[in-house]
Amino acid sequence: MTQSKSSLIKKRIVEAQWTDPMVLFRRLAVAPAVLLTVIFFVLPIMRLAQISFFRNVAGGLMEPAASLENYTAFLGDPYYLTTLGQTLLYGVIVSLLCLLLGFPLSYTMVRIQTRAKPLLLGIILYPLLTNALVLVFAWLVIFGYQGPINKLLLFLVPSAEPLRIIGTPTAIIISMTHAGLPFMVLPLMAAISNIPVSLEDAAASLGASRAAIMTQIVIPLAMPGILGGCLIAFTSVLSGFLFPLYLGSNATNILPLQIYEKVSEAANWPFGAAITFIVLLMTLILIGMGTLGKDLVARLARSSD
Amino acid sequence: MYLELNHLSKRYDNVVAIDDVSLSIAQGEFVTFLGPSGSGKSTILRMIAGFTRSDSGYIKLNGELIQEKPPYKRNLGIVFQDYSLFPHMTVQQNVAFGLRMRKVSKEEQARRVADALETVRLSGYEKRLPNQLSGGQRQRVALARAIVIEPLVLLLDEPLGALDRKLREEMQIELRRIHEALGVTTIFVTHDQEEALTMSDRVAILSGGQLHQMGTPYGVYERPATDFVADFLGRANLLQLAVVACEDSLIKAKLPGGSLISVPAIGEVATQDDIQVLVRPEHISFYPPAGDTPCNTVECAVERISYHGSGAYAILNGPGDVQLIAYISARELAEHGEAHQGQRITVYWPISASTILSRRA
Ligand SMILES: Nc1ncnc2c1ncn2[C@@H]1O[C@H](COP(=O)(O)OP(=O)(O)OP(=O)(O)O)[C@@H](O)[C@H]1O
Ligand SMILES: [Mg+2]
């Protein structure tokens, strides 16, 4: 009965061709999105790739070439390599902080029964819904000498010196963690809401404590969300330059800032394009590693003991 | 008693989920909670397991109050309706989970898992993941996972609900076999009355959060305590009678149409009372009972015969708009010849086969 039904559906799908108006409609419906992506994303990136091999000449002009000198300049300069290392470090710290904050948050958000849930979700996702510049100004106020943090400090310890937070890595990390949190929480909440509560009940009935339920059941099953969230949080660091620009100092070394400076201040487009491509490559490597990691986790979980 | 539930109650906002339920279960018993959807079966099970707190009342297991014990310290085996197997673990790992949590040695884990899988006849499937198993096999893994920890009580919440009829019947037999082999006290939840009657030592019938009756399958079927129980357990003729005479052991009462019926006396019933009497369709026959068994007779007209293979239900119109349902066995049907609509017929049932359910003065 069900067998014949499913084979019937399959047959229908196979038969669905260009002549079928529904199929035609569906293909036409995705066309604008594909077109937009090609015009505003694929073409500019290809152009950027081309530029990264050009040669910079004085006065913000460039000369068509096929040289690797931008790349060799980057890879041969310890300053840029340190920047690369710093960027990765920021990425790791921010994703880990996002994970540490985001996991308990996501778990609670999924499991809690309250009418305030949409409101809570709104607060968590707020950084996504607003311009990063607005967030930057908010942090400038909060971290400032006259800001609430220093006011509180002086209220508690009147003899203390106001803290200098703006211009330190702390300010960058806090602001980027805040901005990255929604990228962590969304995939985590999706992953956790796919874990039936009855699995946790079953584990409890088999003698698992809360901690054991978390480490044995919830975390392994949420692993795709954890990896996905870390990946996006990490890449948000690779792409965000506003936070380091306004909340960092001259000493702040981070690649997105370098790209910004090369392009808008030094007007060295070819070098900026080359750095962009190095960042892009790193992102791709990360995504690859994340995908491999997911498989690996799944395989390890199966073969452990 | 081994497991005692005492005056348990539970409200959710304005829904009374459990309404003052008390019952007790002996060690090694196979008890079924039977009731329609929303009657509170799962809620009681979750209270025993410790996932839901009762508003009042207490639960005693093996002489110990377990109200304050968290679920993971109660040592109960639970099988959920959706099996709740851990999807990232193999069959072996799923079954070993409870032992691992109890820090049982690797060798003993392996031995006990193998035993449990053999008990549910699933040896050889150790390396499979849950999504590589059929519904019936998953069900067995869930069962193995629950029994391997040697639980004090096995709680089964509609474990056969998702299986097709044939597999369901196989698993019913399998469950009874496993229960007999292990002797573990078992509570089985179902809303299938036939399943409840065939499997259980005793059946507890719930409705609207209340316990209507608890007794042996024969007892609850033949001597239901309420009209709900009578109606829920199979088909029932519920006759409204007016008592005309009370003798020592026999009550004579009138159907609305005037036919006189005799019913075995129980409790205090007086002349002029209205009583409700149950007669099961199987007891009503087209022929008088063998020998000189005292019986009731009613003249009816056949309204409809619906065949069920092994027999047929005859829908009959008695005097005074009384409708009767009789179950006629295939043999009786063959002897009697086909009854057609409108045919006048006399039906018989033994006096002892009628039960007074309620009385209104
Ligand atoms: N968490 C809850 N919140 C609110 N109401 C609940 C909750 N759990 C159960 N109920 C209510 O309590 C009553 C009993 O539910 P329960 O799940 O025990 O029924 P059941 O007999 O197991 O039904 P089914 O056969 O459908 O599983 C129902 O009216 C249900 O709506
Ligand atoms: Mg239920």
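Contact here means that heavy atoms lie within 4.5 Å, and it is in this sense that the arrangement of helix 1 of chain B is described below. The model is a predicted one.

Chain B contains nine helices and 19 strands, and its C-alpha trace spans about 75 × 45 × 40 Å along the principal axes. Of the 361 residues of chain B, 52% count as buried, while the chain exposes about 16300 Å², of which carbon and sulfur atoms supply 48%. Among the contacts in chain B between residues at least 6 apart in sequence, 66% join residues that are at least 24 apart.

An open sheet in chain B is built from four strands in the order 2-1-4-5, with antiparallel pairing. Strand 2 (15-25) and strand 5 (64-65) of chain B stand at the edges of this sheet and have a single partner strand each, so one side of each is left without a neighbour in the sheet. Strands of a sheet pair through backbone hydrogen bonds, in either a parallel or an antiparallel manner. Strand 1 of chain B, formed by residues 3-12, pairs with strand 2 of chain B in the antiparallel sense over seven bridges, and Leu8(B) stands opposite Val21(B), a residue in strand 2 of chain B.

Helix 1 of chain B, comprising residues 41-49, lies across strand 1, strand 2 and strand 4 (56-61) of chain B, and the helix runs at about 120° to strand 1 of chain B.

Methods
Residues are numbered from 1 along each chain as its sequence is written. Chains are lettered from A and ligands numbered from 1 in the order in which they are written. This is a predicted model: local features need pLDDT of at least 70, side-chain atom pairs count only at pLDDT 80 or more; totals for chains, interfaces and linings use all residues. Side-chain values use heavy atoms; hydrogens and water are left out. Helices (H or I, at least four residues) and strands (E, at least two) are DSSP runs, numbered from the N terminus. Buried means under 20% relative accessible area, exposed over 50%, partly exposed in between (1.4 Å probe, protein chains only). Accessible areas come from the Shrake-Rupley method with a 1.4 Å probe; for residues, only the protein chains shown count as cover. Two strands pair if DSSP finds at least two bridges between them. Axes are lines fitted to C-alpha atoms, for helices over the stretch in contact, and angles run from 0 to 180 degrees between N-to-C directions.
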